[in-house]
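Subject: Structure handover

Hello,

Here is the structure I promised you. Please open it first, then read my notes alongside it.

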Amino acid sequence: MIAVDLHCHSNVSDGLLPPREVVRLAHSRGCQLFALTDHDDLGGLADAADEAGKLGLRFVTGVEISVSWGRHNLHVVGLGFDPENEALKQGLAQVRSGRWQRAERMAESLAKAGIPGALAGARKYAENPEMISRAHFARYLVEIGKAKDVRSVFYKYLKPGMPGYVEHEWARLHEAVAWITGAGGVAVLAHPGRYDMGPETLRVLLAEFKRLGGGALEVSSGCHGVADVARFGRLCRELGYAASCGTDYHATNEGSREPGLNGDLPDGCEPVWKRWLE
Ligand code: AMP
Ligand code: MN
Ligand code: MN
Ligand code: MN
(Lines give C-alpha, C1' and ligand atoms only; values in the text may rest on other atoms or scores of the structure.)
(Ligands and ions follow the chains in the order given, each with its own letter.)
Protein backbone atom coordinates (compact mmCIF):
# COMPACT_ATOMS: atom_id res chain seq x y z
CA MET A 1 0.00 0.00 0.00
CA ILE A 2 1.39 3.36 -1.03
CA ALA A 3 1.18 6.22 1.50
CA VAL A 4 -1.11 8.88 0.04
CA ASP A 5 -2.63 12.13 1.26
CA LEU A 6 -5.11 13.70 -1.13
CA HIS A 7 -6.63 16.29 1.23
CA CYS A 8 -4.47 18.93 2.93
CA HIS A 9 -4.61 22.68 3.57
CA SER A 10 -2.01 25.44 3.51
CA ASN A 11 -2.20 29.10 4.50
CA VAL A 12 -3.57 29.85 1.04
CA SER A 13 -6.84 28.86 2.71
CA ASP A 14 -7.25 28.07 6.41
CA GLY A 15 -4.19 25.95 7.13
CA LEU A 16 -1.29 27.45 9.07
CA LEU A 17 1.77 26.47 7.00
CA PRO A 18 2.80 27.81 3.58
CA PRO A 19 2.31 25.31 0.72
CA ARG A 20 6.00 24.37 0.50
CA GLU A 21 6.12 23.55 4.20
CA VAL A 22 3.02 21.37 4.07
CA VAL A 23 4.64 19.41 1.23
CA ARG A 24 7.89 19.04 3.19
CA LEU A 25 6.02 17.88 6.29
CA ALA A 26 4.02 15.28 4.33
CA HIS A 27 7.21 14.03 2.64
CA SER A 28 9.05 13.82 5.95
CA ARG A 29 6.26 11.59 7.24
CA GLY A 30 6.66 9.14 4.37
CA CYS A 31 3.94 10.36 2.03
CA GLN A 32 4.50 9.17 -1.56
CA LEU A 33 1.57 10.80 -3.38
CA PHE A 34 0.24 14.18 -2.31
CA ALA A 35 -2.46 16.71 -3.22
CA LEU A 36 -2.85 20.20 -1.79
CA THR A 37 -6.60 20.95 -1.56
CA ASP A 38 -7.10 24.47 -0.27
CA HIS A 39 -10.66 25.74 0.06
CA ASP A 40 -11.86 27.45 -3.13
CA ASP A 41 -8.38 28.58 -4.19
CA LEU A 42 -5.63 27.26 -6.47
CA GLY A 43 -3.02 29.81 -5.35
CA GLY A 44 -0.77 27.31 -3.54
CA LEU A 45 -0.50 24.70 -6.27
CA ALA A 46 2.50 26.09 -8.17
CA ASP A 47 4.71 26.31 -5.07
CA ALA A 48 3.52 22.95 -3.77
CA ALA A 49 4.18 21.25 -7.12
CA ASP A 50 7.63 22.80 -7.34
CA GLU A 51 8.56 21.71 -3.82
CA ALA A 52 7.20 18.20 -4.42
CA GLY A 53 9.27 18.02 -7.62
CA LYS A 54 12.44 18.89 -5.71
CA LEU A 55 11.71 16.15 -3.16
CA GLY A 56 10.69 13.53 -5.71
CA LEU A 57 7.21 13.38 -4.17
CA ARG A 58 4.43 12.62 -6.65
CA PHE A 59 2.03 15.56 -6.76
CA VAL A 60 -1.59 15.92 -7.86
CA THR A 61 -3.42 19.25 -8.26
CA GLY A 62 -6.27 19.73 -5.80
CA VAL A 63 -8.97 22.02 -4.43
CA GLU A 64 -11.84 21.71 -1.93
CA ILE A 65 -14.95 23.50 -3.20
CA SER A 66 -17.63 24.79 -0.80
CA VAL A 67 -21.11 23.73 -1.97
CA SER A 68 -24.68 24.37 -0.86
CA TRP A 69 -26.99 21.40 -1.36
CA GLY A 70 -30.38 22.26 0.02
CA ARG A 71 -29.70 23.34 3.59
CA HIS A 72 -26.48 21.34 3.67
CA ASN A 73 -22.94 22.69 3.29
CA LEU A 74 -20.90 20.06 1.45
CA HIS A 75 -17.28 19.93 0.39
CA VAL A 76 -16.26 18.57 -3.00
CA VAL A 77 -12.58 17.87 -3.52
CA GLY A 78 -11.28 18.16 -7.07
CA LEU A 79 -8.13 16.22 -7.99
CA GLY A 80 -5.90 16.01 -11.03
CA PHE A 81 -7.35 18.94 -13.03
CA ASP A 82 -5.72 21.56 -15.24
CA PRO A 83 -5.13 24.51 -12.86
CA GLU A 84 -5.19 26.96 -15.79
CA ASN A 85 -8.76 26.06 -16.76
CA GLU A 86 -10.72 29.34 -17.06
CA ALA A 87 -14.16 28.12 -16.01
CA LEU A 88 -12.70 26.53 -12.88
CA LYS A 89 -10.69 29.65 -12.00
CA GLN A 90 -13.68 31.94 -12.53
CA GLY A 91 -16.01 29.72 -10.55
CA LEU A 92 -13.61 29.67 -7.60
CA ALA A 93 -13.13 33.47 -7.75
CA GLN A 94 -16.90 33.83 -7.42
CA VAL A 95 -17.02 31.50 -4.38
CA ARG A 96 -14.18 33.45 -2.73
CA SER A 97 -15.89 36.82 -3.18
CA GLY A 98 -18.99 35.36 -1.48
CA ARG A 99 -16.74 34.47 1.46
CA TRP A 100 -16.04 38.16 2.13
CA GLN A 101 -19.71 39.04 2.09
CA ARG A 102 -20.37 36.23 4.53
CA ALA A 103 -17.47 37.31 6.78
CA GLU A 104 -18.98 40.80 7.08
CA ARG A 105 -22.30 39.33 8.15
CA MET A 106 -20.58 36.99 10.62
CA ALA A 107 -18.78 39.97 12.18
CA GLU A 108 -22.05 41.93 12.45
CA SER A 109 -23.70 39.00 14.15
CA LEU A 110 -20.78 38.56 16.57
CA ALA A 111 -20.86 42.31 17.33
CA LYS A 112 -24.54 41.99 18.30
CA ALA A 113 -23.50 39.18 20.63
CA GLY A 114 -21.02 41.52 22.31
CA ILE A 115 -17.87 40.76 20.31
CA PRO A 116 -16.93 43.79 18.21
CA GLY A 117 -14.02 43.93 15.77
CA ALA A 118 -14.09 40.29 14.71
CA LEU A 119 -13.64 41.00 10.98
CA ALA A 120 -10.40 42.90 11.52
CA GLY A 121 -9.33 40.24 14.02
CA ALA A 122 -10.02 37.35 11.66
CA ARG A 123 -8.35 39.16 8.75
CA LYS A 124 -5.06 39.20 10.64
CA TYR A 125 -5.03 35.41 10.43
CA ALA A 126 -5.94 35.26 6.73
CA GLU A 127 -2.60 35.17 4.89
CA ASN A 128 -4.40 35.19 1.56
CA PRO A 129 -6.49 38.37 1.30
CA GLU A 130 -8.91 36.58 -1.04
CA MET A 131 -9.70 33.71 1.31
CA ILE A 132 -11.39 34.16 4.67
CA SER A 133 -12.84 31.21 6.57
CA ARG A 134 -14.55 30.45 9.86
CA ALA A 135 -11.20 28.98 10.93
CA HIS A 136 -9.69 32.50 10.84
CA PHE A 137 -12.51 33.81 13.05
CA ALA A 138 -11.92 30.83 15.33
CA ARG A 139 -8.24 31.69 15.80
CA TYR A 140 -9.12 35.29 16.62
CA LEU A 141 -11.80 34.28 19.14
CA VAL A 142 -9.27 32.01 20.87
CA GLU A 143 -6.77 34.88 20.87
CA ILE A 144 -9.20 37.16 22.76
CA GLY A 145 -10.01 34.41 25.23
CA LYS A 146 -13.54 33.48 24.11
CA ALA A 147 -12.69 29.76 24.26
CA LYS A 148 -9.69 27.64 25.12
CA ASP A 149 -9.09 26.24 21.63
CA VAL A 150 -10.33 26.28 18.06
CA ARG A 151 -12.48 23.20 18.52
CA SER A 152 -14.46 24.62 21.43
CA VAL A 153 -14.81 27.99 19.71
CA PHE A 154 -16.71 26.24 16.90
CA TYR A 155 -19.13 24.73 19.38
CA LYS A 156 -19.71 28.00 21.23
CA TYR A 157 -19.74 30.50 18.37
CA LEU A 158 -19.38 29.20 14.83
CA LYS A 159 -21.75 26.24 14.36
CA PRO A 160 -25.29 26.62 12.99
CA GLY A 161 -27.48 28.26 15.61
CA MET A 162 -24.55 30.05 17.26
CA PRO A 163 -23.94 33.85 17.13
CA GLY A 164 -21.11 33.75 14.60
CA TYR A 165 -22.89 31.50 12.13
CA VAL A 166 -24.80 32.99 9.20
CA GLU A 167 -26.55 31.24 6.33
CA HIS A 168 -24.66 31.42 3.05
CA GLU A 169 -25.10 30.27 -0.56
CA TRP A 170 -22.00 28.49 -1.83
CA ALA A 171 -21.53 26.95 -5.28
CA ARG A 172 -24.22 24.53 -6.46
CA LEU A 173 -23.27 20.86 -6.54
CA HIS A 174 -23.64 20.60 -10.31
CA GLU A 175 -21.42 23.66 -10.81
CA ALA A 176 -18.62 22.35 -8.58
CA VAL A 177 -18.60 18.96 -10.30
CA ALA A 178 -18.71 20.57 -13.75
CA TRP A 179 -15.82 22.95 -12.95
CA ILE A 180 -13.67 20.02 -11.82
CA THR A 181 -14.55 17.49 -14.51
CA GLY A 182 -14.51 20.22 -17.19
CA ALA A 183 -10.88 20.86 -16.23
CA GLY A 184 -10.07 17.17 -16.62
CA GLY A 185 -10.18 16.29 -12.92
CA VAL A 186 -12.06 13.85 -10.75
CA ALA A 187 -14.70 15.10 -8.26
CA VAL A 188 -14.53 13.51 -4.81
CA LEU A 189 -17.14 13.93 -2.08
CA ALA A 190 -15.08 15.02 0.96
CA HIS A 191 -15.59 13.48 4.43
CA PRO A 192 -19.12 12.16 3.81
CA GLY A 193 -19.30 10.94 7.41
CA ARG A 194 -19.30 14.52 8.66
CA TYR A 195 -22.54 15.73 7.11
CA ASP A 196 -25.49 16.16 9.35
CA MET A 197 -28.00 14.06 7.35
CA GLY A 198 -29.78 10.75 7.77
CA PRO A 199 -29.02 7.65 5.70
CA GLU A 200 -31.86 8.29 3.26
CA THR A 201 -30.79 11.84 2.45
CA LEU A 202 -27.23 10.58 2.10
CA ARG A 203 -28.43 8.00 -0.46
CA VAL A 204 -30.12 10.78 -2.44
CA LEU A 205 -26.91 12.82 -2.32
CA LEU A 206 -24.73 9.91 -3.46
CA ALA A 207 -27.09 9.14 -6.37
CA GLU A 208 -27.19 12.79 -7.44
CA PHE A 209 -23.41 13.24 -7.13
CA LYS A 210 -22.94 10.16 -9.33
CA ARG A 211 -25.43 11.38 -11.94
CA LEU A 212 -23.64 14.74 -12.11
CA GLY A 213 -20.28 13.06 -12.76
CA GLY A 214 -18.84 12.61 -9.27
CA GLY A 215 -16.14 9.94 -9.35
CA ALA A 216 -15.10 9.08 -5.81
CA LEU A 217 -15.90 9.25 -2.10
CA GLU A 218 -13.37 10.09 0.56
CA VAL A 219 -13.34 6.84 2.51
CA SER A 220 -10.24 7.24 4.65
CA SER A 221 -10.35 10.73 6.19
CA GLY A 222 -8.98 12.51 9.22
CA CYS A 223 -12.64 13.24 10.00
CA HIS A 224 -13.75 9.57 9.86
CA GLY A 225 -13.88 6.95 12.56
CA VAL A 226 -13.40 3.24 11.87
CA ALA A 227 -17.13 2.72 11.31
CA ASP A 228 -17.26 5.55 8.73
CA VAL A 229 -14.35 4.01 6.81
CA ALA A 230 -16.11 0.64 6.62
CA ARG A 231 -19.45 2.20 5.73
CA PHE A 232 -18.18 4.43 2.93
CA GLY A 233 -15.98 1.62 1.63
CA ARG A 234 -19.13 -0.49 1.25
CA LEU A 235 -21.00 2.38 -0.43
CA CYS A 236 -18.14 2.86 -2.93
CA ARG A 237 -18.32 -0.79 -3.95
CA GLU A 238 -22.10 -0.80 -4.11
CA LEU A 239 -22.48 2.44 -6.06
CA GLY A 240 -19.43 2.20 -8.30
CA TYR A 241 -17.36 5.01 -6.79
CA ALA A 242 -13.58 4.99 -6.48
CA ALA A 243 -12.24 5.63 -2.97
CA SER A 244 -10.00 8.48 -1.83
CA CYS A 245 -7.87 9.07 1.23
CA GLY A 246 -6.79 12.31 2.90
CA THR A 247 -5.99 13.63 6.35
CA ASP A 248 -7.65 17.08 5.99
CA TYR A 249 -4.55 18.48 7.70
CA HIS A 250 -4.82 22.17 8.69
CA ALA A 251 -2.37 22.80 11.51
CA THR A 252 -0.40 20.90 14.07
CA ASN A 253 -2.03 21.36 17.51
CA GLU A 254 -5.46 22.17 16.12
CA GLY A 255 -6.74 18.67 16.56
CA SER A 256 -6.28 17.50 12.98
CA ARG A 257 -4.02 14.65 11.94
CA GLU A 258 -0.55 15.30 10.60
CA PRO A 259 -0.29 15.17 6.79
CA GLY A 260 0.93 12.16 4.91
CA LEU A 261 -0.49 9.33 6.95
CA ASN A 262 -1.02 5.99 5.35
CA GLY A 263 -4.58 5.45 4.27
CA ASP A 264 -5.44 1.80 3.95
CA LEU A 265 -8.75 1.28 2.21
CA PRO A 266 -11.25 -1.48 2.96
CA ASP A 267 -10.93 -4.57 0.76
CA GLY A 268 -12.42 -4.29 -2.69
CA CYS A 269 -12.24 -0.48 -2.95
CA GLU A 270 -10.68 0.94 -6.08
CA PRO A 271 -8.17 3.66 -5.11
CA VAL A 272 -8.90 6.91 -6.96
CA TRP A 273 -5.13 7.47 -7.19
CA LYS A 274 -4.45 4.41 -9.40
CA ARG A 275 -4.69 6.67 -12.44
CA TRP A 276 -1.76 8.83 -11.22
CA LEU A 277 0.58 5.92 -10.65
CA GLU A 278 0.47 4.53 -14.17
P1 AMP B 1 -15.84 27.78 6.23
O2 AMP B 1 -15.52 27.08 4.95
O3 AMP B 1 -15.35 29.18 6.25
O4 AMP B 1 -17.26 27.60 6.66
O5 AMP B 1 -14.96 27.08 7.36
C6 AMP B 1 -14.97 25.71 7.51
C7 AMP B 1 -13.65 25.31 8.12
O8 AMP B 1 -13.69 25.49 9.51
C9 AMP B 1 -13.35 23.84 7.91
O10 AMP B 1 -12.71 23.63 6.69
C11 AMP B 1 -12.43 23.57 9.06
O12 AMP B 1 -11.14 24.05 8.75
C13 AMP B 1 -12.98 24.45 10.15
N14 AMP B 1 -13.92 23.75 11.05
C15 AMP B 1 -15.21 23.46 10.83
N16 AMP B 1 -15.77 22.85 11.90
C17 AMP B 1 -14.78 22.73 12.82
C18 AMP B 1 -14.69 22.21 14.15
N19 AMP B 1 -15.75 21.67 14.75
N20 AMP B 1 -13.50 22.28 14.77
C21 AMP B 1 -12.43 22.83 14.19
N22 AMP B 1 -12.45 23.35 12.94
C23 AMP B 1 -13.61 23.30 12.27
MN1 MN C 1 -10.70 24.22 6.58
MN1 MN D 1 -13.96 19.99 4.39
MN1 MN E 1 -10.52 20.19 4.12
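Glu 64 and His 191 are both buried. Buried means under 20% relative accessible area; exposed means over 50%, and partly exposed lies in between (1.4 Å probe, protein chains only). Before you go on, note that this is a predicted model: local features need pLDDT of at least 70, side-chain atom pairs count only at pLDDT 80 or more, and totals for chains, interfaces and linings use all residues. Residues are numbered from 1 along each chain as its sequence is written, chains are lettered from A and ligands numbered from 1 in the order in which they are written, and side-chain values use heavy atoms, with hydrogens and water left out.

**The manganese ions**

Which residues hold the manganese ion (ligand 3) as protein donors? They are Glu 64 (OE), His 75 (ND1) and His 191 (NE2), at 2.1 to 2.2 Å from the ion. Donors are N, O and S atoms within 2.8 Å of the metal (3.2 Å for Na, K and Ca); water is not among the atoms, so sites may look incomplete. Along the sequence, the donor residues of this ion have the spacing E-x10-H-x115-H. Glu 64 and His 191 link distant parts of the chain, 127 residues apart. Glu 64 is in strand β4 (residues 62-69). His 191 is in the loop between β7 (186-189) and α8 (199-212). Those labels come from DSSP runs, numbered from the N terminus: helices are H or I with at least four residues, strands are E with at least two.

Now go to the manganese ion (ligand 2).

The manganese ion (ligand 2) and the manganese ion (ligand 3) are 5.8 Å apart.

**The strands**

Three strands form an open, parallel sheet in the order β1-β2-β3. Its edge strands are β1 (4-5) and β3 (58-60), each pairing on one side only. Two strands pair if DSSP finds at least two bridges between them. β1 and β2 are joined by two bridges. Val 4 stands opposite Leu 33 in β2.

Next, find β4 and β5. They run antiparallel and are joined by eight bridges. Trp 69 has His 72 in β5 as its bridge partner. The hairpin of these strands has two residues between them, and Gly 70 there takes a positive phi near 60°. β5 also pairs with β7, antiparallel, over four bridges. Gly 78 stands opposite Ala 187 in β7.

Why is strand β5 (residues 72-79) largely enclosed by the rest of the structure? Because seven of its eight residues are buried.

**Rings and charges**

There are two aromatic pairs. Rings of Phe, Tyr and Trp (its six-membered ring) pair if their centres lie within 6.5 Å; planes under 30 degrees apart count as stacked, over 60 as edge-to-face and the rest as tilted. Phe 209 and Tyr 241 are stacked, because their ring centres are 6.0 Å apart and their planes are at 25°. Phe 209 is in helix α8, and Tyr 241 is in the loop between α9 (226-239) and β9. Both are buried.

The charged end of Lys 210 sits over the ring of Tyr 241, 4.8 Å from its centre. Such a charge is NZ of Lys or CZ of Arg within 6 Å of the ring centre and within 35 degrees of the ring normal. Arg 275 has its charged end over the ring of Trp 276, 5.7 Å from the centre.

**Two positive phi values**

Asp 40 has phi near 55°, positive although the residue is not glycine. Asp 40 counts as buried, because its relative accessibility is 0%. Asn 253 has a positive phi of about 75°. Asn 253 counts as exposed, at 77% relative accessibility.

Best wishes
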